[in-house]
Amino acid sequence: MDKAARLIKELEELVSSERYPEALTLFGESCAKALDSISNPKTRKKLLLLAAKINIGNKLAREAGKYIDQLVKDYPSIENDFDYVTQKVNNFRLQSNYYDCSKFIDRCREKEWDESQANWLEYYAAENDFWKGNYFRAN
């Protein structure tokens with residue numbers, strides 16, 4: 001297993017157990033500088049998604065936004081990746097940007113998803129309506 005794969009595995013374990021501060025420390029020490037030197041597109045994408053998730057988990061919206069923006073630049077069809085969609089929705093919410101979040105969710109609802117992902121989009125939409133104060137629509 002190469003160094004990047006080991007690092008991703010370790011970060012995924014920390015994130016799955018919601019140990020975001022530890023993941024941020026590990027990411028900061030090991031990944032931020034090395035990210036540009038990763039040539040494997042799948043590895044780079046996975047690390048960028050993890051970086052967004054780690055920063056969102058630490059309530060660092062601006063930093064998470066940088067990784068989300070980089071994903072869009074590097075992977076033009078990234079909106080077809082449900083993990084990306086989840087991170088983007090979470091980052092909008094972290095910023096209390098419910099208007100743009102609604103527009104993004106509506107755009108994503110037009111895409112083809114499996115049943116579970118489509119249900120999650122409906123949940124995100126309802127939850128977002130709740131936070132916007134539209135309780136009737138959220139219900």
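Me: Before we start, helices here are DSSP runs of H or I with at least four residues, numbered from the N terminus; on that basis, in which helix does Tyr 135 lie?
Reply: This is a predicted model, and local features are taken from it at pLDDT of at least 70. Within it, the run that covers residues 135-138 contains Tyr 135, and that run is helix H8.

Me: Is Tyr 135 buried or exposed?
Reply: Exposed means over 50% relative accessible area. Because Tyr 135 has 52% relative accessibility, it counts as exposed.

Me: Which residues form a nonpolar patch on the surface with Tyr 135?
Reply: The patch has about 370 Å² of accessible area together. Besides Tyr 135, its members are Phe 130 and Trp 131.

Me: How far from Lys 88 is the nearest side chain of opposite charge?
Reply: Lys 88 is found in helix H5, and, leaving aside neighbours within four places in sequence, Lys 88 is in contact with Ile 68 and Phe 104. Tyr 84, with the neighbours within four places likewise left aside, is in contact with residues including Ile 68 and Phe 104. Although Lys 88 is buried, it has no salt bridge, a term that requires a nitrogen-to-oxygen approach within 4 Å. The nearest side chain of opposite charge, Asp 69, lies at 5.1 Å.

Notes. Residues are numbered from 1 along each chain as its sequence is written. This is a predicted model: local features need pLDDT of at least 70, side-chain atom pairs count only at pLDDT 80 or more; totals for chains, interfaces and linings use all residues. Side-chain values use heavy atoms; hydrogens and water are left out. Contact means heavy atoms within 4.5 Å. Helices (H or I, at least four residues) and strands (E, at least two) are DSSP runs, numbered from the N terminus. Buried means under 20% relative accessible area, exposed over 50%, partly exposed in between (1.4 Å probe, protein chains only). Lys and Arg count as positive and Asp and Glu as negative; His and the chain ends are not counted. Patches are made of residues with over 30% relative accessible area and no salt bridge: like charges are joined within 9 Å, nonpolar side chains (Val, Leu, Ile, Met, Phe, Trp, Tyr) within 5 Å. Accessible areas come from the Shrake-Rupley method with a 1.4 Å probe; for residues, only the protein chains shown count as cover.
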